[in-house]
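This briefing sets out selected features of the structure shown below, grouped by topic for reference in computational work.

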Amino acid sequence: MPTASTVPTVADLPTTMRGVYLPGNSTTVLRDDIPVPTPGVGQVLLAVGASTICGSDVRAIYREHLGSGPEGYNDVIAGHEPAGTVVAVGPGCRRLSVGDRVAVYHITGCGQCAECRRGYFISCTSPLRSAYGWQRDGGHGDYLLAEEVTCVTLPDALSFVDGACIACGFSTAYEALTRLHISGEDSVLVTGLGPVGLAAGLLARKLGGRPVLGTDPSPERSQLALDLGAVDEVVSPEDLAGSRAGSVTAAVDCSGSGAGRRTALLALARWGRMAFVGEGGRMDFDVSHEVIHRQITLIGSWVSSVGRMAELMDRLVVWDLHPEVVVSHRFDLADSATAYQLVDQGRSGKVALVPGHHA
């Protein structure tokens with residue numbers, strides 16, 4: 001953890017920095033000539049401590065630039081899951097000071113609409129909305145210019161890698177679970193045991209869910225979920241559609257696939273609840289027989305709010321749960337190509353870029 005003597009002052013900062021860009025075609029570009037920005041009104045400059053890679057970065061930017069609007073990539077420094085130390089503070093900042101440790105909520109909104117006032121910058125529809133790593137420079141650099149309002153103070157008990165995991169994946173999973181009202185009365189299924197699925201399983205158990213079942217086509221990810229205690233049992237889709245159909249009260253789909261979503265739906269008991277978290281794809285189902293007549297509740301859950309993210313941090317400290325347990329690999333920015341190739345294979349845990357980390 002940085003101390004007062006190790007946190008760089010403005011005078012100590014270099015004039016240029018490194019940053020990773022995603023031009024498409026499953027490639028990365030590392031530049032080392034990027035000017036270190038100066039914070040403006042309401043902004044802080046962070047020395048990045050960690051920046052994890054999200055599956056949506058791979059799906060919509062790394063392979064090819066698929067999106068527009070909220071998913072449009074504007075040739076900026078990538079990475080929307082950063083955490084770091086405040087090294088400079090712009091005019092008008094009232095909460096943060098040099099030396100503070102923060103994780104960054106990865107969307108900035110207009111600040112005025114109903115969604116922004118509730119802290120759900122993710123749902124802001126204003127043209128002013130921008131996402132770190134998508135429309136504005138993100139965390140895959142040595143430094144990051146962030147809006148103070150998007151920074152959530154990182155408790156001393158949590159590491160920068162913990163904070164980066166919270167910035168998107170764990171907050172996204174926690175939002176879905178809270179909207180499902182998971183408690184000790186629930187049995188839970190997680191479909192898709194990538195990083196968000198691992199987070200969903202770990203958090204579901206802390207909220208009292210038992211048993212927590214998981215399913216994933218990757219044997220490596222299935223084994224990792226068992227090793228971490230994120231799930232009590234890995235179950236095949238065939239069993240969940242057959243002998244185990246109707247066996248859980250709640251399900252979280254983190255797979256983003258039609259097959260995974262259908263598995264989750266068939267596994268639900270009557271009056272079951274299901275949250276859609278994994279992005280992309282489509283799903284077909286018999287509305288009357290499979291949803292209405294079984295009294296099923298379906299929820300679409302998109303990231304979280306700033307307030308929910310802060311709430312999760314407090315709970316993680318109480319639970320003594322460190323999100324970095326889902327991180328299987330750490331790389332320096334210079335090794336970003338290897339890091340993204342690993343994530344693209346879909347068999348690892350979470351992958352983190354840690355400036356200055358050397359294997």
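## Leu66 and its surroundings

Leaving aside neighbours within four places in sequence, Leu66 is in contact with Arg59 and Ala60, where contact means heavy atoms within 4.5 Å. The model is a predicted one, in which local features need pLDDT of at least 70 and side-chain atom pairs count only at pLDDT 80 or more, while totals for chains, interfaces and linings use all residues. Residues are numbered from 1 along each chain as its sequence is written, and side-chain values use heavy atoms, with hydrogens and water left out.

- Leu66 is found in the loop between helix H1 (55-62) and strand S4 (82-89); helices (H or I, at least four residues) and strands (E, at least two) are DSSP runs, numbered from the N terminus.
- With a relative accessible area of 49%, Leu66 is partly exposed; buried means under 20% relative accessible area, exposed over 50%, and partly exposed in between (1.4 Å probe, protein chains only).
- Leu66 and Arg347 are separated by 281 residues in sequence and by 23 Å in space, C-alpha to C-alpha.

**Parallel sheet**

- An open sheet is formed by 6 strands in the order S12-S11-S10-S13-S14-S15, and the pairing is parallel; two strands pair if DSSP finds at least two bridges between them.
- Strand S12 (233-234) and strand S15 (297-300) stand at the edges, each with a single partner strand, so one side of each is left without a neighbour in the sheet.
- Strand S11 (residues 212-215) pairs with S12 in the parallel sense over 2 bridges, and Gly214 stands opposite Val234 in S12.
- Helix H7 (residues 258-267) lies across strand S10 (188-191), S11, strand S13 (248-253), strand S14 (268-276) and S15, and runs at about 150° to S14. Axes are lines fitted to C-alpha atoms, for helices over the stretch in contact, and angles run from 0 to 180 degrees between N-to-C directions.

**Hairpin**

- Strand S1 (residues 16-24) and strand S2 (residues 27-35) pair in the antiparallel sense over 6 bridges.
- The bridge partner of Met17 in S2 is Ile34.
- The hairpin of S1 and S2 has 2 residues between the strands, and Asn25 there takes a positive phi near 60°.

**Helix packing**

- Helix H4 (residues 195-206) and helix H5 (residues 219-228) pack at an angle of about 30°, with their axes 11 Å apart.
- H4 and H5 are therefore roughly parallel to each other; angles under 35 degrees count as roughly parallel, over 145 as roughly antiparallel, 65 to 115 as roughly perpendicular and the rest as oblique.
- The crossing of H4 and H5 is right-handed; a crossing is left-handed if the near helix is turned anticlockwise from the far one by less than a right angle, and right-handed if clockwise.
- On the H4 side, Pro195, Leu198 and Leu202 meet Arg221, Leu224, Ala225 and Leu228 in H5.
- The axes of helix H3 (residues 160-179) and helix H9 (residues 306-319) come within 10 Å and cross at roughly 90°, which makes H3 roughly perpendicular to H9.
- Residues of H3, including Phe170 and Tyr174, meet residues of H9, among them Leu312 and Trp319.

**Cysteines**

- The whole structure contains 0 disulfides, a disulfide being a pair of cysteine sulfur atoms within 2.5 Å.
- Cys165 is buried at a relative accessible area of 2%, and its sulfur is 10 Å from the closest cysteine sulfur, in Cys168, too far for a bond.
- Cys168 is buried at 7%; the closest cysteine sulfur to that of Cys168 is in Cys54, 4.2 Å away, too far for a bond.

**Buried loop residues**

- Asp332, in the loop between strand S16 (327-331) and helix H10 (336-345), is buried with a relative accessible area of 5%.
- Not counting residues up to four places away in sequence, Asp332 touches Arg18, Leu353, Val354, Pro355, Gly356 and His357.
- Ser301 lies in the loop between S15 and H9 and is buried, at a relative accessible area of 7%.
- With residues up to four places away in sequence not counted, Ser301 touches Glu175, Ala176, Arg179, Phe276 and Val277.

**Backbone geometry**

- Arg210 and Pro211 are joined by a cis peptide bond, with omega about -10°; Pro211 is found in the loop between H4 and S11.
- Trp271, in strand S14, has a positive phi of about 70° although it is not a glycine, and counts as exposed at 61% relative accessibility.
- Asp320, in the loop between H9 and S16, has a positive phi near 55° and is a residue other than glycine; at 59% relative accessibility, Asp320 counts as exposed.
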